[in-house]
Structures are given as C-alpha cells and as structure tokens.
Amino acid sequence: MNREECIRELLPLVRRIARRVGRIAPGADPDDLIGDGSVGLIRAVDSYDPSRGTALETYARKLIAGAMLNGLRRLDPVSERVRRTLRQAEERRYLLAQERGTLPSFAELERNDPALQRARAAAHSQTPLSLDAPLPKGGEALADMSHEPSKRAAARAKSAALREAIALLPERQRRILALHYTSEVSLHAIGSRMNISPQRVSQLHLNALDRLRGTVILP
C-alpha cells in the first residue's frame, strides 16, 4: 500500500479521535482537531518503521492524538507548567481520598503547597471568560436578574455530590478516572500502566461512569 492509500485508509481514525478529544475539550473546534490530526497522521505514515513491530494504526493513533492536543495547547492562555501543577494536585487529591475515604479540598492542599496556590490563581486570571459559560467559582459579572441564586446553589451541590461519589468508587476505577480525565492518559496507556488489558480498562471505565450516573446526574 502506497503513502496516499495509507493516509486515506486511516482518515476515519482521525475523525474518531477528534470526536473523543472533543468530548474531553468541549470548546474545541472539530475542524481544527481534524486538521491537526491529519498533520499527525501524515507525519505517522512518513515516519513509520514496520521493523519496530508496532502496527501502523497503533503508531498513528499516538501521533494523531498528540497533534490534536498540541493544537489545543497552543490556544490555551494558561502555561503547560501551570496545567501540570494542577493535574498533579488533582492526582494527590484522589490519592488522599483513597486513604481517607473523603476528598480533600484544594484549600487544604494549598496550605502545604504555595506553588499550587500560585498556579490556581494564574489559571483563574488567564482563563478567558465566556458569556455562554457559567462563571468560575467566586467570579463576578454585571448584574443579571435572570441568574437565579438557586441555580448556582444547585450547580455547587451537584459538583460536591460528584466529588463525593468519585471518592466512594473502588480504587482501580478512581485511578482510571483520574488518569483519563485529569492527566489525559488514554485508556490503552492506562492498561499498560496498570498491567491490565485495554478491554478491562474500558469495562472498568464504563462501570465507574454507570455508578456515578446512579448517584449524580451526568451529561
């Protein structure tokens, strides 16, 4: 199969990965994701070495997803260092939740980690405010009589309920959710880290979501 045929055959893979990344980053433009992913696909086809024993689709999947995520990072006003600090803090929160049975607040973590406090402040100040999205916690805006306090309270209660529900999940399910949604690790890569098959990771992931839906109304 020549270069053009390989690229055409794997284009549906680009669209599938774009849909998945779009679920992780709802504000991403689907056309931009597909464009960046197509560049990653071409790079994968051109650099693929079959002697390494890896299937072309497996190799391409990593480069396509990487190209899309790099495209998203270029649009992110918050630095990767700040994002990494926040991701690591989330991982620490879930590890502590596993030990205690309750999820600690960011305020508790900040007391022992001034860098986390600076990172959260930087992320808050550098994230643009959308008129279509809810305000960040503690944010202020022009008076809007249609914004009911009851809705804001309900949203806070739902967020707290979700955190509590996650903390009560079995350890492996909590770890999978933290790696997949906080650290942006693919389910296949999580399987390698946890020494279980991708199918088992997917099953545990779906079980976790089902359990959360039984406790909290998820989208």
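Good morning. The model is a predicted one, so local features need pLDDT of at least 70 and side-chain atom pairs count only at pLDDT 80 or more, while totals for chains, interfaces and linings use all residues. Residues are numbered from 1 along each chain as its sequence is written, and side-chain values use heavy atoms, with hydrogens and water left out.

Glu 57 is found in helix H3. Helices here are DSSP runs of H or I with at least four residues, strands are runs of E with at least two, and both are numbered from the N terminus. Setting aside neighbours within four places in sequence, Glu 57 is in contact with Leu 10, Leu 13 and Arg 16; contact means heavy atoms within 4.5 Å. Although Glu 57 and Leu 10 are 47 residues apart in sequence, their C-alpha atoms are 7.4 Å apart in space.

Leu 56 is also found in helix H3. Is Leu 56 buried or exposed? It is buried, with a relative accessible area of 18%. Its contacts, again leaving aside neighbours within four places in sequence, are Cys 6, Leu 10, Ala 44, Val 45 and Tyr 48. From Leu 56 to Leu 10, 46 residues away along the chain, the C-alpha separation is 9.3 Å.

Tyr 48 brings me to the aromatic residues. How many aromatic pairs does a search of the whole structure find? The search finds one. The ring centres of Tyr 48 and Tyr 59 are 6.0 Å apart and the planes stand at 40°, so this pair is tilted. The two residues, eleven apart, link distant parts of the chain: Tyr 48 sits in the loop between H2 and H3, and Tyr 59 in helix H3. For the criterion, rings of Phe, Tyr and Trp (its six-membered ring) pair if their centres lie within 6.5 Å; planes under 30 degrees apart count as stacked, over 60 as edge-to-face and the rest as tilted. Tyr 48, at 26% relative accessibility, counts as partly exposed, and Tyr 59 is partly exposed with a relative accessible area of 25%.

Let me now turn to the chain as a whole. Its secondary structure comes to ten helices and zero strands. Of its 219 residues, 30% count as buried. Among contacts with a separation of 6 or more, 60% are between residues 24 or more positions apart.

A further buried residue is Gln 173, which lies in helix H8 and has a relative accessible area of 7%. Not counting residues up to four places away in sequence, Gln 173 touches Leu 204, Asn 207, Ala 208 and Arg 211.

Most residues other than glycine have a negative phi. Glu 184, however, has a positive phi near 60°; it is found in the loop between helix H8 (171-182) and helix H9 (187-194). Asn 195 likewise has a positive phi, of about 60°, and is found in the loop between H9 and helix H10 (198-215). Glu 184 counts as partly exposed at 38% relative accessibility, whereas Asn 195 counts as exposed at 70%.

Finally, confidence. By pLDDT, the predictor's confidence in each residue from 0 to 100, the chain has a mean of 78, and 79% of its residues reach 70 or more. Thank you.

Note on methods
Buried < 20%, exposed > 50% of the residue type's maximum accessible area, 1.4 Å probe, protein only.
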